[in-house]
Amino acid sequence: MSDKVLMKGNEAIAEAAIKAGCRHYFGYPITPQTEIAAYMAKRMPKIGGTFLQAESEIAAINMVYGVAGAGYRVMTSSSSPGISLKLEGISYIAGADLPALIVNVQRGGPGLGGIQPSQSDYYQATKGGGHGDYHLIVYAPASVQEMADYTIKAFEVSDKYRVPAMLLADGTMGQMMEPVSLPDVPVVEVDKPWAVRGTGKARPHNIINSLYLNPETLEKTNFERFERYRLIEENECLYEEYMTEDADVIVVAFGIAARISKNAVVEARKRGLKVGMLRPITLWPFPNKPLRKLADTAKGFVSVELSMGQMIDDVRLATECKRPVSLCNRTGGMIPTPEQVLESIEKMLKEVE
Amino acid sequence: MIVFDKPNALTDTPLHYCPGCTHGIIHRLVAEAMDELDIEGKTVGVAPVGCSVMAYDYFACDMVEAAHGRAPAVATGLKRAMPDNIIFTYQGDGDLASIGMAETVHAATRNENITIIFVNNAIYGMTGGQMAPTSLPGQVTQTSPYGRDVSLCGLPIKVSELLSSLDAPYYIERVAVNNVKNIRNAKKAILKAFRNQVEGKGFSLVEVVSTCPTNWGMTPKQALEWVEEKMIPYYPLGVYKDQGAVSKEEV
């Protein structure tokens with residue numbers, strides 16, 4: 001166990017990426033994640049890595065595509081409007097089966113929106129976002145420690161399955177400071193025989209590509225990719241259950257919303273109400289199985305989100321609409337209070353009793 | 001005795017280009033440069049979106065297919081990760097001078113140590129002959145059926161002139177491949193653009209004035225004549241920037 005240091009969430013991501021062996025960072029300034037770029041700008045030159053402030057988000061993600069094609073760990077970070085710009089490149093990265101990490105420290109939207117925290121890019125992160133048949137592995141950390149831990153995890157899982165990963169945080173998670181432990185972990189190097197590092201005239205050329213003019217080939221490629229997605233759903237789904245065993249109402253929340261909701265659950269239990277929480281840690285793959293199971297024992301669900309209600313669709317699908325699901329939300333950069341969550345819980349309890 | 005052969009840096013895949021299109025010549029010149037510098041084994045090429053999208057099948061080195069216009073950014077990533085490898089992009093006018101102008105200008109101003117082969121045939125070929133940023137005033141295309149109206153569409157972008165106004169880029173030259181003399185010059189320029197990178201000099205771009213007989217609605221011969229009569233007067237050939245030449249004079 002290494003000593004704990006006080007860090008901002010954004011800085012924890014950057015330092016964890018370096019610990020994970022990432023030596024290439026490309027980004028473009030945007031609030032509230034610019035600390036990641038600033039940290040990388042300081043650190044990368046000292047360790048022989050690349051920090052490059054690109055001319056745009058579009059250029060940054062395509063630089064990521066290049067490094068990923070060469071088989072090196074690489075990342076970019078941005079916030080909501082910037083991620084929209086990166087989606088073209090993300091789709092190409094997914095289509096070319098390249099590992100990479102994209103960090104989205106979300107702010108309110110749509111459009112230029114605001115700079116306050118939000119979770120309204122849930123659809124964009126979990127349903128593809130860019131064009132075509134693809135998924136990202138999406139991690140939703142709920143503490144500064146998790147910002148670091150799931151950054152490292154994201155690199156590993158991304159390499160293992162050749163699928164780009166996204167760390168989906170928000171302005172609160174990025175800006176808040178908490179003690180974090182960043183032990184030196186051994187970097188597991190994955191063999192990447194597909195990488196373009198020059199043939200050395202010793203093998204046929206490798207091609208990093210997402211173009212298949214023959215529809216049969218493209219279909220086959222997509223089938224093969226979705227077979228890997230199936231394995232990811234089977235092996236990589238992460239979630240936390242809190243006091244769910246006897247719960248009549250289950251709160252479903254991720255990231256900062258889960259931190260707030262936990263307070264509400266604790267308060268509800270103090271009042272003798274049977275309430276629990278399921279916190280998805282991976283948003284894709286979504287914890288469908290545990291939620292479906294909880295639908296057998298619980299009577300109702302409350303989806304707590306910093307959006308107009310996006311994850312709630314997945315909660316309804318996972319529970320097969322067997323139980324009522326309500327939405328407790330704020331949006332546009334506003335954050336629900338534990339009291340608001342508690343009110344929603346009580347309302348749901350009344351509804352199901 | 002073999003007097004003429006296919007360059008090693010080209011694969012055996014038959015080219016898909018239209019009859020009379022000069023992409024084949026330019027591919028050959030790029031491959032010859034790789035052969036002569038013996039760099040095929042450490043080269044990674046970046047193909048664009050456009051007629052040369054499938055260049056990744058034709059060059060024997062490792063290849064990456066980039067999104068439309070993004071090749072210089074992809075090449076930047078590759079070069080930063082592998083400074084000892086040779087990285088080139090092969091791009092058309094729509095790719096480089098329209099949708100990818102930002103990536104082009106910024107790679108140039110960073111003096112990114114990469115080589116760009118920019119094929120200017122004044123039209124979008126792959127999609128069936130639409131107006132390009134390099135289409136000549138009055139040029140008839142599918143999307144300028146009455147001729148390029150400069151009052152509505154502005155005037156063509158002269159990429160070599162534009163980029164050479166930047167302080168940073170190392171070498172920019174415009175060549176053509178419409179006759180033997182010009183092909184010889186083009187070969188020298190392309191070889192130099194790769195050699196510059198081997199020597200760590202920086203951003204080297206060769207603009208190659210090319211043909212598109214299919215979408216120009218001409219025979220191959222007429223297309224070559226059109227290059228001489230219309231294209232080259234608008235896009236004068238020559239060296240637009242050579243930081244090496246400047247320092248030689250100073251010496």
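**View 1. Chain A of this predicted model is divided into two domains, domain 1 with residues 4-235 and domain 2 with residues 240-352.** The model is a predicted one, and the C-alpha centres of domain 1 of chain A and domain 2 of chain A lie 28 Å apart. Where the two parts meet, 27 residues of domain 1 of chain A are in contact with 22 residues of domain 2 of chain A. On the domain 1 side that touches domain 2, two or more residues are given by each of helix 5 (122-126), strand 6 (137-139), strand 7 (165-170), helix 7 (171-175) and helix 8 (215-235) of chain A. Helix 5 of chain A supplies the largest share of this side, with four residues. Sorted by class, the side of domain 1 of chain A that touches domain 2 of chain A has 15 nonpolar, nine polar and three charged residues.

**View 2. Strand 5 of chain A, residues 101-106, is largely enclosed by the rest of the structure, because six of its six residues are buried.** In a regular strand the side chains alternate between the two faces of the sheet. Here, Leu101(A), Val103(A) and Val105(A) point one way from strand 5 of chain A, whereas Ile102(A), Asn104(A) and Gln106(A) point the other way, and all are buried. Strand 4 (residues 74-78) of chain A runs parallel to strand 5 of chain A and is joined to it by four bridges, with Ser77(A) standing opposite Val103(A).

**View 3. Five strands of chain A form an open sheet with mixed pairing, in the order 10-12-11-14-15.** The edges of this sheet are strand 10 (239-242) and strand 15 of chain A, each of which pairs on one side only, and from one strand to the next the twist averages 20°. Strand 11 of chain A and strand 12 (residues 275-280) of chain A pair in the parallel sense over four bridges, and Val252(A) has Leu278(A) in strand 12 of chain A as its bridge partner. Helix 10 (residues 288-297) of chain A packs on the sheet and touches strand 10, strand 11 and strand 12 of chain A, its direction making about 165° with that of strand 12 of chain A. Helix 12 (residues 338-352) of chain A also packs on the sheet, where it touches strand 11, strand 12, strand 14 and strand 15 of chain A, and its direction makes about 160° with that of strand 14 of chain A.

**View 4. Strand 14 of chain A, residues 300-305, has six of its six residues buried, so it is largely enclosed by the rest of the structure.** From strand 14 of chain A, Gly300(A), Val302(A) and Val304(A) point one way and Phe301(A), Ser303(A) and Glu305(A) the other way, and all are buried. Strand 11 (residues 249-252) of chain A pairs with strand 14 of chain A in the parallel sense over four bridges, and the bridge partner of Val249(A) is Gly300(A). Strand 15 (residues 325-329) of chain A likewise pairs with strand 14 of chain A in the parallel sense, over five bridges, with Ser303(A) opposite Leu327(A). Together with helix 11 (residues 311-318) of chain A, strand 14 and strand 15 of chain A make a right-handed β-α-β unit.

How values were computed:
Residues numbered from 1 in each chain as written. Chains lettered and ligands numbered in written order. Predicted model: local features only at pLDDT ≥ 70, side-chain atom pairs only at ≥ 80, totals over all residues. Buried ≥ 20, exposed ≤ 12 C-beta atoms within 10 Å, placed from the backbone. Pairing = 2+ DSSP bridges. Right-handed = clockwise from strand over helix to strand, strands pointing away. Axes fitted to C-alpha atoms, helices over the stretch in contact; angles between N-to-C directions. Contact = placed C-beta atoms within 7 Å. Domains from an automatic or database assignment. Nonpolar A, V, L, I, M, F, W, Y, C, P; charged D, E, K, R; others polar.
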